[in-house]
Amino acid sequence: MPQTPPPPGSAHRPGWPQRWRQRWLQRLPARPVQRLQHRNLYVLPTRPGWMLLGTLLLLLVGAINFQLNLGYALTFLVAGSAAAGVWAAHSNLRGMQLSLAGTPTLWAGRPASLPVQLHAGARARLAIELAVVGAHPPVLLDLPAQTVTTAAVPWTPARRGRLPAPPLSIATRYPLGLCRVWSWWRPQAEWLVYPAPEPDAPPLPWITPAHPTAGVAPWTAPATDEPPDQPRPWQPGDSPRRVLWKKAAHQADDDPRHWWVRGHAAGHAAAALWLDEHDCALADPEAVRARLCAWVLRADAQGLRYGLRVGGAIVPPDHGPAQRLRCLEVLACH
């Protein structure tokens, strides 16, 4: 008997806990700073807490049935201790403040660390659990009073592009472990996630045997002690290998704005290396961007002058850290 195929998308449909979590997070306002207080802290019993609650009900029923004064005393003593533990757990988080400490460098599919600042306030905070909601095991922290601690929370971006900062969960079970006091925070931040570079990318196009004319090897100055023709003042992004260090040594200070760099000798022009998506010979667009990302990082490490063509976007040839960032941003967004 033929089986009826499942409806489209049912295999990847999230369960009710995931749907409930998504709807809850959508209702939370995004904030640059989160201060924990009564209105955004929640308390739920843990498994030991439920077991203690059942035990207290049995003790109370037995004390009522047999009229045991010691049974009443034991039941109310344990219940009062549990209530005090709930209050202490709530106070362990109340008054804390969370904020983001900076912008991390993120690569799609690679583990990263989110810098989160925690302001302890007037009291010490013990056994604090901090994690991305529903993604990773928590980071455990103890915060002394009147301190600001930066925690590295693990997170793996699922894709490249501009992504909002993931929602964070902060919780504690201190001191008795009978309840879990927790809160969620949606940071008001947007980060750029770069494509992960291909691990074993082939050589750059200008030295690829299959494409001997795909690019041109960059010109390098001859290894002589004589300065080449047309020296010019230093500009941000110039390679240290082109600085005229003999002249720089006679400067009164170390300000790079007073340095001179080698110009191109007469009859030579600095040829640009073009990194083109058509040279990748790959069908998958994400694989193309991974290879181009690896080429960009390799060309930058070698101090080459290169340009980029991908997804209809063109980055003119240049070199230096600013050029690397421009190319990575284009690869992330196109």
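The charged end of Arg309 sits over the ring of Trp274, 3.8 Å from its centre, where a charge counts as over a ring if NZ of Lys or CZ of Arg is within 6 Å of the ring centre and within 35 degrees of the ring normal. Arg94 likewise lies over the face of Trp87, at 5.1 Å from the ring centre.

| Charged residue | Ring | Distance to ring centre |
|---|---|---|
| Arg309 | Trp274 | 3.8 Å |
| Arg94 | Trp87 | 5.1 Å |

This is a predicted model, in which local features need pLDDT of at least 70 and side-chain atom pairs count only at pLDDT 80 or more, while totals for chains, interfaces and linings use all residues. Residues are numbered from 1 along each chain as its sequence is written, and side-chain values use heavy atoms, with hydrogens and water left out.

Four aromatic pairs are present in the structure, a pair being rings of Phe, Tyr and Trp (its six-membered ring) with centres within 6.5 Å, called stacked with planes under 30 degrees apart, edge-to-face over 60 and tilted for the rest. One of them, formed by Trp182 and Trp184, is tilted, with 5.3 Å centre to centre and 50° between the planes. Tyr42 joins Trp182 and Trp184 in a cluster linked by ring pairs.

Across the chain, buried residues make up 35% of the 334 residues.

Definitions and conventions: Buried < 20%, exposed > 50% of the residue type's maximum accessible area, 1.4 Å probe, protein only.
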